[in-house]
Amino acid sequence: MYYTYDTPFGKMAIVSDGDAITHILPEDRVDKSSEKKATPLTDKTAAELAEYFDGKRREFSVPLSPNGTEFQKKVWKALIDVPYGETRTYKDIAIAVGSEKACRAVGLANNRNPIWIIVPCHRIIGANGGLTGYGGGLDMKQKLLDLES
């Protein structure tokens with residue numbers, strides 16, 4: 001089930017399996033065949049995101065259950081471990097998951113991150129310190145990094 005909420009980046013769908021958040025995505029990308037229903041969990045997630053956007057929240061407490069490969073899940077866990085206001089490179093994350101040479105695979109896992117912002121893939125930058133691809137666009141990535149600085 002999912003429900004849509006207004007954010008500074010437009011309407012976002014927060015998707016839940018009933019026990020945990022599985023996706024956060026633009027409203028136009030949600031599977032409309034699933035039930036649209038606000039729940040205490042989607043409402044709490046929306047409230048935590050609003051606090052984040054207002055600069056009042058640095059960590060999230062909602063349960064997460066992203067679907068992916070074991071490698072992707074290791075990468076997403078490593079992303080959550082990157083502190084608010086800090087960045088890491090793809091190589092840093094590859095080292096953190098025990099696959100130093102897997103920088104491209106880390107990039108692909110970032111690209112498939114279904115719970116953006118809460119699983120902060122925007123904090124991952126290129127080896128030269130520059131911004132690299134971001135599902136929401138580089139402008140959004142820069143805005144999220146600026147919010148955290």
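Where does Ile 117 lie?

A: Happy to take a close look. This is a predicted model, in which local features need pLDDT of at least 70 and side-chain atom pairs count only at pLDDT 80 or more, while totals for chains, interfaces and linings use all residues. Residues are numbered from 1 along each chain as its sequence is written, and side-chain values use heavy atoms, with hydrogens and water left out.

Ile 117 sits in the loop that joins helix 4 (103-111) to strand 5 (124-125); helices (H or I, at least four residues) and strands (E, at least two) are DSSP runs, numbered from the N terminus. Ile 117 counts as buried because its relative accessibility is 3%, where buried means under 20% relative accessible area, exposed over 50% and partly exposed in between (1.4 Å probe, protein chains only).

Setting aside residues up to four places away in sequence, Ile 117 touches Leu 49, Tyr 52, Phe 53, Phe 60, His 122 and Leu 144, a contact being heavy atoms within 4.5 Å. Leu 144, with neighbours within four places likewise left out, has among its contacts Phe 9, Trp 116 and Tyr 134.

Leu 144 and Trp 116 are also among the residues with the most contacts inside the largest nonpolar core, which has 33 residues. Such a core is a set of buried Ala, Val, Leu, Ile, Met, Phe, Trp, Tyr and Cys residues joined through side-chain atoms within 4.5 Å. Helix 1 (40-53) gives the most to this core, with five residues.
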